[in-house]
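The following note sets out numbered points on the model shown below. It treats loops, helix packing, pockets and a cavity in turn.

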Amino acid sequence: MANDKLWGGRFCAQTDEKTDDFNSSVRFDKRLYREDIEGSIAHTKMLEKQGIISTVDSKNIQEGLSKILKDIENGKVEFDVACEDIHMNIEKLLTDLIGKSGKKLHSARSRNDQVALDTKMYVKKELLNIKNLLLELEKVILNKAKENTKTIMPGFTHLQKAQPITFAHHILAYFEMFKRDISRLEDTYKRANTCPLGACALAGTTYNIDRNYTCELLGFETPALNTIDAVSDRDFVIETISCISFIMMHLSRFCEEIILWCSQEYNFVKLDDRYSTGSSIMPQKKNPDIAELVRGKCGRVYGNLTGILTVMKALPLAYNKDMQEDKEFLFDSVDTVKMCLEIFTKMFDTLVINKNAMLRSAKNGFLNATDVADYLTKKGMPFRDTHKIAGELVFYCIQNSKNLEELTLDEFKRHCELFDADIYSAISLENCVENRKTLGAPSSEATEHVIEICEKYIKEKI
């Protein structure tokens with residue numbers, strides 16, 4: 001019995017049912033139906049323009065594809081595993097609907113350039129969607145920063161208290177991270193913006209096609225310049241998942257801090273009940289499960305990146321069926337980051353800041369020790385000498401259960417005669433913050449200037 005597949009002319013037997021199931025990708029690539037139909041309509045218009053198919057056939061194909069699109073979106077279509085993928089499913093639906101005209105759609109085209117096209121169209125769309133979600137998060141960060149330019153908190157290195165900063169200054173660090181993420185998305189978009197359609201299987205076609213025309217119809221910058229690379233390239237998939245991995249890493253770091261901050265030991269922030277959960281056994285619990293899940297899903301995306309890199313690492317040119325594996329890695333990563341960005345933005349927007357707890361924490365741990373050293377340096381002593389004196393003062397305070405600002409002037413002078421009454425002003429937490437006025441530093445003046453720059457950035461990106 002002959003094989004009834006669209007590619008079955010060379011075969012004299014049907015594929016095994018398990019082969020159909022194993023070989024099929026329609027279970028996951030069906031989400032590319034819109035890209036596939038839009039690409040096919042553009043291809044049809046080009047075939048008509050070049051006289052490869054008639055105007056009548058072109059009209060029938062375009063109307064048929066538009067009806068199939070509508071039927072899919074209305075839930076009237078069931079995809080067939082035996083048709084392998086979204087491309088052949090739509091082609092069969094079209095042929096069943098309009099007859100022999102549908103068989104002309106695939107002229108001067110292969111599934112190799114078709115799937116590359118669909119995936120690039122999907123990637124371009126989702127890169128913009130993810131970028132917009134990042135911009136929404138950045139707006140929320142800016143709003144929180146504006147409210148907390150004078151909210152003093154401890155800054156940390158090695159998870160040890162280091163120097164006093166403000167909450168605004170701290171969260172604006174994440175604004176910068178997400179700015180870089182947006183830049184990476186934009187760069188990836190540029191490299192994904194070459195159209196593979198017309199490359200066919202790997203060597204182009206003998207038909208007189210117009211690749212620039214389909215490129216223009218589909219909104220690509222330029223046709224891909226090498227037909228082998230056009231069908232075998234998945235760099236744009238790898239780059240997209242890599243960009244998402246960076247975003248997830250930054251979200252995970254942010255979540256880690258929120259998880260710490262909302263613990264009773266820190267008590268810096270309070271999570272809204274809508275973005276917290278309880279315990280099935282301990283009635284008092286209020287758990288940061290949303291933040292923990294975002295943190296956990298970072299590893300999932302890392303796995304996808306490792307997976308696609310491993311799939312591609314030893315593939316000879318040009319197309320290989322292994323490349324079908326890229327879709328699930330890509331789709332899962334896109335779905336994950338979008339879901340995480342949406343829920344994180346809402347969680348952070350509703351976060352309540354405990355300013356008093358942050359200030360109390362900043363008052364303990366000798367966060368102003370560097371300012372003691374700087375005070376003496378400005379009096380003319382070498383910094384390494386002042387660093388040693390400040391360290392000795394900290395040790396003295398530990399032995400005597402005091403903070404630096406609780407020392408008497410006499411105690412200061414025992415360590416160095418250069419200390420005077422103005423030391424207390426120099427080491428007040430407020431002045432330690434406000435005297436750091438350089439660009440990007442934590443003073444309210446410097447922070448407000450950065451916020452202005454960030455607001456301008458948001459306006460330019462929207």
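1. E84 is placed in the loop between helix 4 (55–73) and helix 5 (86–98); helices (H or I, at least four residues) and strands (E, at least two) are DSSP runs, numbered from the N terminus. The phi angle of E84 is near 75°, a positive value in a residue other than glycine.

2. The model is a predicted one, in which local features need pLDDT of at least 70 and side-chain atom pairs count only at pLDDT 80 or more, while totals for chains, interfaces and linings use all residues. Residues are numbered from 1 along each chain as its sequence is written, and side-chain values use heavy atoms, with hydrogens and water left out.

3. The loop between helix 11 (289–312) and helix 12 (326–349) contains A318. The peptide bond from L317 to A318 is cis, with omega near 10°.

4. Helix 6 (residues 111–147) packs on helix 7 at an angle of about 165°, and their axes are 9 Å apart; axes are lines fitted to C-alpha atoms, for helices over the stretch in contact, and angles run from 0 to 180 degrees between N-to-C directions. Helix 6 is therefore roughly antiparallel to helix 7 (angles under 35 degrees count as roughly parallel, over 145 as roughly antiparallel, 65 to 115 as roughly perpendicular and the rest as oblique). Their crossing is left-handed, meaning that the near helix is turned anticlockwise from the far one by less than a right angle. The contact of helix 6 with helix 7 has 20 nonpolar, one polar and nine charged residues; Ala, Val, Leu, Ile, Met, Phe, Trp, Tyr, Cys and Pro count as nonpolar, Asp, Glu, Lys and Arg as charged, and the others, Gly among them, as polar.

5. Between helix 7 and helix 10 the packing angle is about 170°, with the axes 8 Å apart. Helix 7 is therefore roughly antiparallel to helix 10.

6. On a 1 Å grid over the protein atoms alone, a pocket is an open set of points with protein on both sides within 12 Å along at least five of seven lines, a cavity is a set where a 1.4 Å probe fits but cannot get out, and lining residues have an atom within 4 Å of a point. Grid points are joined across faces, edges and corners, and a volume is the space filled by probe spheres set on the points. Of the 14 lining residues, F156, H170, Y174, R253 and E257 lie nearest the centre of this pocket. Strand 1 (152–157), helix 7 (167–192) and helix 10 (235–261) each supply at least two residues of the lining, and helix 10 gives the most, with five. The lining divides into eight nonpolar, three polar and three charged residues.

7. The largest pocket holds about 370 Å³ of space. Its lining has 14 residues, of which C262, S263, Q264, K286 and N287 are the closest to its centre. Five residues of this lining are nonpolar, five polar and four charged.

8. How many cavities of 30 Å³ or more does a search of the whole structure find? The search finds one.
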